[in-house]
Amino acid sequence: MMAALKENARSSLILAGRVMNEVISFLVFIILDILDFILCYTYKVIDFIIEAEWKPCYCSSIKEAITSSGSILVSERGESKIVCLTSSSQLHLEEISDTLYSRPSLMAEVSKLTVNELKRRKFDNAGVIQQSCERLKNGSVRSTFTVNSTIVEMLQGKMDGQKSHDVTPRWSDCDCNTCNSWSSSCKDSLFVRVDGAKANFEEDVIFIHGFISSSAFWTETLFPNFSKAAKSKYRLFAVDLLGFGRSPKPSDSLYTIREHLEMIEKSVLEAHKVKSFHIVAHSLGCILALALAVKYPGSVKSLTLIAPPYFPTPKGEQATQHMMRRIAPRRVWPPIAFGASIACWYEHISRSVCLVICKNHRLWDFLTKLVTRNRIKTYLIEGFCCHTHNAAWHTLHNIICGTAGKIEGYLDMVRNKLKCEVTVFHGEDDELIPVECSYNVQSRIPRAHVKVVQKEDHITIVVRRQKSFARELEQIWNNST
């Protein structure tokens, strides 16, 4: 009897907590909707004053927008179309997530109507509101498509035959030597930390970090804990992804999966003549790992995924929007979900967070060392802070949300085309990416081995068990060999 009463009381408390979370979240996010709307115009004014030009944002509505010269291939629902753009590269429209400009909120409609009118007048004066590309390779066929005007404005920055990225940091981004060391280098490649065997190595391993992190996530945890035998056999590569750590942070990039993969290929596979390799990836990095594995099916010797963000899309729902609501549920509790919601739903509030945290990361690093009397390493803070808002915003939407409809295809390719061992690790207490995601991966790749680590979360699954995890990885690589 007493046990039943206790269980009923517990259930009532849980229900009350959920209701309270829902109510508080509703009120908080209404306020945040309004705040983001205000910040939109605040930043437009400040940007104009400091940088002498209006900077595009994703508050504007979708428009029919075609640029004025050149050509660019666009794939939309399997149909190829041509857009005018003088760029030597080709960009697939499907790489750009609709979640960038389609995030329903209280102020969305008001914002769209107002910004639309401003944009309409701007483009009317320039005479370029709507233009169509009518020249195809063997004829003249009119082809139009709808795309967010902000994307077009960012692409227009590449219209004049520009071959190099814009290296000038924005006023709201950090301009320290660490964050901008890439701008003084003539090499357009990622920062790559190479460790392990220098010569006579037998195999290569590529480590890919997660969202708002850096190569230090691996080099400060696993690299020092690999055995001498492993370091004499394996050549280890840890990259800072495009836009993060010490890697390039171009302000004109859309940070699509194509751009991320091309930079990994150029900076690791081509630069170091890597022919076959093992992959170890965490969180967002798992998506890039799957895409890389699918592109090089005969080269991957083992695939290790840590907390992969795979949420199967229910029938009838849009994959990108479903993914956004799963990783950013607009809730104040748990705190990690609240942080993800701020980063994903609010372009201008998240820019303010970057302004306070990332631009001043040296201050936070100093204060952390001061408070802890230099007793803890601050590599996680450095990884969390060393990025630009533009890089974080586009990577979050174009990689995590934008590839939601592709992950099943990637997993099926790994199941059918790759013969390598697939191992998935997940922290039992991960509140950002639930354990079910790893089992979802296993449902698509039955041979995948899932290991759930008790009492560990999204970060501590690596940083609090470096030695044991290093041994586990060595065992995986040895078995694959």
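Trainee: Which residues make the nonpolar surface patch of about 670 Å²?
Mentor: V356, L363, W364, F366, L367, L370 and V371 make that patch. Patch members have over 30% relative accessible area and no salt bridge; like charges are joined within 9 Å, and nonpolar side chains (Val, Leu, Ile, Met, Phe, Trp, Tyr) within 5 Å. Keep in mind that this is a predicted model, where local features need pLDDT of at least 70, side-chain atom pairs count only at pLDDT 80 or more, and totals for chains, interfaces and linings use all residues. Residues are numbered from 1 along each chain as its sequence is written, and side-chain values use heavy atoms, with hydrogens and water left out.

Trainee: Which helix gives the most to the nonpolar patch?
Mentor: Helix 12, residues 361–371, with six residues. Helices here are DSSP runs (H or I, at least four residues), strands are E runs of at least two, and both are numbered from the N terminus.

Trainee: And L370, buried or exposed?
Mentor: L370, which is found in helix 12, is exposed, with a relative accessible area of 53%. The cut-offs are under 20% for buried, over 50% for exposed and partly exposed in between, using a 1.4 Å probe and protein chains only.

Trainee: What about the accessible surface of the whole chain?
Mentor: It comes to about 23000 Å², of which 56% belongs to carbon and sulfur atoms. Those areas come from the Shrake-Rupley method with a 1.4 Å probe, and for residues only the protein chains shown count as cover. Buried residues make up 52% of the 481 residues in the chain.

Trainee: OK, inside now. How many residues has the largest nonpolar core?
Mentor: It has 71, and I208, I279, L303 and I327 are those with the most contacts inside it. Helix 8 (residues 284–295) gives the most to this core, with ten residues. A core here is a set of buried Ala, Val, Leu, Ile, Met, Phe, Trp, Tyr and Cys residues joined through side-chain atoms within 4.5 Å.

Trainee: What does I327 touch?
Mentor: Not counting residues up to four places away in sequence, I327 touches F311, A340, L396, I400, C401, L432 and I433. A contact is heavy atoms within 4.5 Å. Apart from that core lies another, of 25 residues, with A216, W218, F223 and I461 among them.

Trainee: Switching to charges. How many salt bridges does the structure hold?
Mentor: There are 19, each being a side-chain nitrogen of Lys or Arg within 4 Å of a carboxyl oxygen of Asp or Glu. One of them joins the side chains of R331 and E22, at 2.9 Å, N to O. R331 is in the loop between helix 9 (319–327) and helix 10 (335–345), and E22 is in helix 1 (residues 2–51), 309 residues apart.

Trainee: How accessible is R331? And E22?
Mentor: R331 is partly exposed, with a relative accessible area of 25%. E22 also counts as partly exposed, at 42%.

Trainee: And where do R351 and D47 lie?
Mentor: Their side chains meet in a salt bridge too, 2.9 Å from N to O. R351 lies in helix 11 (residues 347–357) and D47 in helix 1, so the pair ties together parts 304 residues apart in sequence. Both R351 and D47 are buried.

Trainee: Last topic, aromatics. How many aromatic pairs are there?
Mentor: The count comes to 15 aromatic pairs. Rings of Phe, Tyr and Trp (its six-membered ring) pair if their centres lie within 6.5 Å; planes under 30 degrees apart count as stacked, over 60 as edge-to-face and the rest as tilted. F29 and F338 form an edge-to-face pair, 5.9 Å centre to centre with 70 degrees between the planes. F29 is in helix 1 and F338 in helix 10, 309 residues apart. F29 counts as buried at 1% relative accessibility, whereas F338 counts as partly exposed at 27%.

Trainee: Why is the F226 and W477 pair called tilted?
Mentor: Their ring centres are 5.4 Å apart and their planes are at 40 degrees, so the pair is tilted. F226 is in the loop between helix 5 (216–219) and helix 6 (228–233), while W477 is in helix 18, 251 residues apart. F226 is buried at 6% relative accessibility, and W477 is buried at 0%.

Trainee: Which residues form the aromatic cluster?
Mentor: F207, F217, W218, F223, F226, Y234 and W477 form one cluster.
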